[in-house]
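User: I am new to reading protein models and would like to go through one slowly, feature by feature. Could you show me the chain that we will discuss?

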Amino acid sequence: MGAREPSLEELLEEKKRVRNPLVPVGALITAGVLTAGLISFRQGNSQLGQMLMRARVVVQGATVALMVGTAYYYGENPWKSSETP
């Protein structure tokens, strides 16, 4: 009963956390490699397309690992209990 609704300013307020600038770069590289792979498949070069799809998986995995590593390093570990004994 004592819960209050957050105001619009609180909802729109930027969260104060450290952002890793390499994550968007990794996402753009992933999208670029995916696009190049799809274009090469469409042009009939399946060998190059397969190589680019494998490269996309590697880049995408590295981006996800970077996201998880950054969150863990800056203390946003969802598996760690926030209560201290």
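User: In what order do the elements of the chain run from the N terminus on?

Analyst: In this predicted model, the elements follow one another as α-α-α, starting at the N terminus.

User: How many residues does helix 3 have, and how far does helix 3 reach?

Analyst: One can compare the span of a helix with the length expected at 1.5 Å a residue. Helix 3 has 28 residues, and the distance from its first C-alpha to its last is 40 Å, which is close to the 40 Å expected.

User: Which residues are buried in helix 3?

Analyst: A residue is called buried when its relative accessible area is under 20%. In helix 3, this applies to G49, L52, M53, T63 and T70, and helix 2, which spans residues 22-42, is included in what covers them. In the chain as a whole, which has 85 residues, buried residues make up 14%.

User: Why is T63 counted as buried?

Analyst: T63, which lies in helix 3, has a relative accessible area of 11%, and T63 is counted as buried because this value is under the 20% cut-off. Leaving aside residues up to four places away in sequence, T63 touches V23, G26, A27 and T30. One of these, A27, is 36 residues from T63 along the chain, although their C-alpha atoms are separated by 6.9 Å.

User: Which backbone oxygen lies 2.9 Å from a polar atom of the side chain of T63?

Analyst: For the side chain of T63, the backbone oxygen at 2.9 Å from one of its polar atoms belongs to V59. T70, also found in helix 3, has a side chain that reaches the backbone oxygen of L66 at 2.8 Å. T70 is buried too, because its relative accessible area of 15% is under 20%.

Definitions and conventions: Residues numbered from 1 in each chain as written. Predicted model: local features only at pLDDT ≥ 70, side-chain atom pairs only at ≥ 80, totals over all residues. Heavy atoms only, no water. Helix = DSSP H or I, 4+ residues; strand = E, 2+ residues; numbered from the N terminus. Buried < 20%, exposed > 50% of the residue type's maximum accessible area, 1.4 Å probe, protein only. Contact = heavy atoms within 4.5 Å. Polar contact = N/O pair within 3.5 Å; in protein donor to acceptor, adjacent residues only side chain to side chain. Expected span 1.5 Å × (residues − 1).
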